[in-house]
Amino acid sequence: ELQQTPEQLVKPQVPQGNIGTTLRRSTRNKRSAIPSDYVVYLQESDYNIRAKNDPETFSQAMSCKESDLWYNAMKEEINSMKSNEVWDLVELPNKAKAIGCKWVFKTKKDSLGNIYRHKARLVAKGFTQKEGIDYTETFSPVSKKDSLCIILALVAHFDLELQQMDVKTAFLNGDLEEKVYMIQPEGFSSSVGEQLV
């Protein structure tokens, strides 16, 4: 009696009939694997899509129908900077140059796309500085996604309870050794003197 090897037991299947037949496709509607609330999160955080009606300048913010909301957002930012003692008002020294600043406006939305907050940030126009003259290095203290992922992994592993809170102004303080002079923010010049920086 002859023993057959596994290769001999498997017979190749040759299709019968018309070889040019097309495959039948499913007609069912396909649902997205990602729920809609996650789609909103991805669009806003990873791609940083601006709302079409967000103002781009201070004058636009003050002339639109939500000017009160934008002004309150700017006041909130200024108060935060004052409480964190971000700057001191001084005379601009001779041969020193002051960099400009700009208001950045963003409408914050929830997972359903409803507006829940108007946010204003004051940013310095650091691109006008020259390396080696106005600064030697740059550093921006930010929170990292890797840190958040580690925390979430620990919570899941040890079956802990995690609570989230929203901080209106997260102030990550980076101490500077250099003196940086910036003009006063538009719409919020000091009553002491507009010539101060």
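Visitor: Where is the place of Asp159?
Guide: This is a predicted model, in which local features need pLDDT of at least 70, side-chain atom pairs count only at pLDDT 80 or more, and totals for chains, interfaces and linings use all residues. Residues are numbered from 1 along each chain as its sequence is written, and side-chain values use heavy atoms, with hydrogens and water left out. Helices (H or I, at least four residues) and strands (E, at least two) are DSSP runs, numbered from the N terminus. Asp159 has its place in the segment after H5.

Visitor: Does Asp159 count as buried or exposed?
Guide: Buried means under 20% relative accessible area, exposed means over 50%, and partly exposed is in between, with a 1.4 Å probe and protein chains only. Asp159 has a relative accessibility of 70%, so this residue counts as exposed.

Visitor: What is the phi of Asp159?
Guide: Most residues other than glycine have a negative phi. Asp159 is not a glycine, yet its phi is positive, at about 55°.

Visitor: Which loop holds Glu85?
Guide: Glu85 is another residue other than glycine with a positive phi, near 50°. Its relative accessibility is 68%, so Glu85 counts as exposed. The loop that holds Glu85 is the one between H4 and E1.

Visitor: How much accessible area do Leu148, Ile151, Leu152 and Leu162 have together?
Guide: Patches are made of residues with over 30% relative accessible area and no salt bridge; like charges are joined within 9 Å, and nonpolar side chains (Val, Leu, Ile, Met, Phe, Trp, Tyr) within 5 Å. Accessible areas come from the Shrake-Rupley method with a 1.4 Å probe, and for residues only the protein chains shown count as cover. Leu162 lies in the segment after H5 and is partly exposed, because its relative accessibility is 47%. The four residues form a nonpolar surface patch, and their accessible area together is about 360 Å².

Visitor: How many bridges pair strand E1 with strand E2?
Guide: Two strands pair if DSSP finds at least two bridges between them. Lys102 stands opposite Val123 in E2. E1 (residues 101–109) and E2 (residues 115–124) run in the antiparallel sense, and the number of bridges is nine.

Visitor: Which residue in the hairpin of E1 and E2 takes a positive phi?
Guide: The hairpin has five residues between the strands. The positive phi, near 90°, belongs to Gly113.

Visitor: Which residue forms a salt bridge with Glu76?
Guide: A salt bridge is a side-chain nitrogen of Lys or Arg within 4 Å of a carboxyl oxygen of Asp or Glu, and a search of the whole structure finds two. For Glu76 the closest N and O atoms are 3.3 Å apart, and the partner is Arg117. Glu76 lies in helix H4 (residues 67–83) and its partner in strand E2, so the pair ties together parts that are 41 residues apart in sequence.

Visitor: How far apart are the closest N and O atoms of Arg121 and Glu77?
Guide: Arg121 is partly exposed, because its relative accessibility is 23%, and Glu77 is buried, because its relative accessible area is 5%. The two form a salt bridge, with the closest N and O atoms at 2.7 Å.

Visitor: At what angle are the planes of the rings of Trp70 and Phe105?
Guide: Rings of Phe, Tyr and Trp (its six-membered ring) pair if their centres lie within 6.5 Å; planes under 30 degrees apart count as stacked, over 60 as edge-to-face and the rest as tilted. The structure holds three aromatic pairs. The centres of the Trp70 and Phe105 rings are 5.4 Å apart, and the pair is edge-to-face because the planes are at 70°.

Visitor: What pattern does the protein follow along the sequence?
Guide: The protein has five helices and two strands. Of its 197 residues, 19% count as buried. Read along the sequence, the pattern is α-α-α-α-β-β-α.
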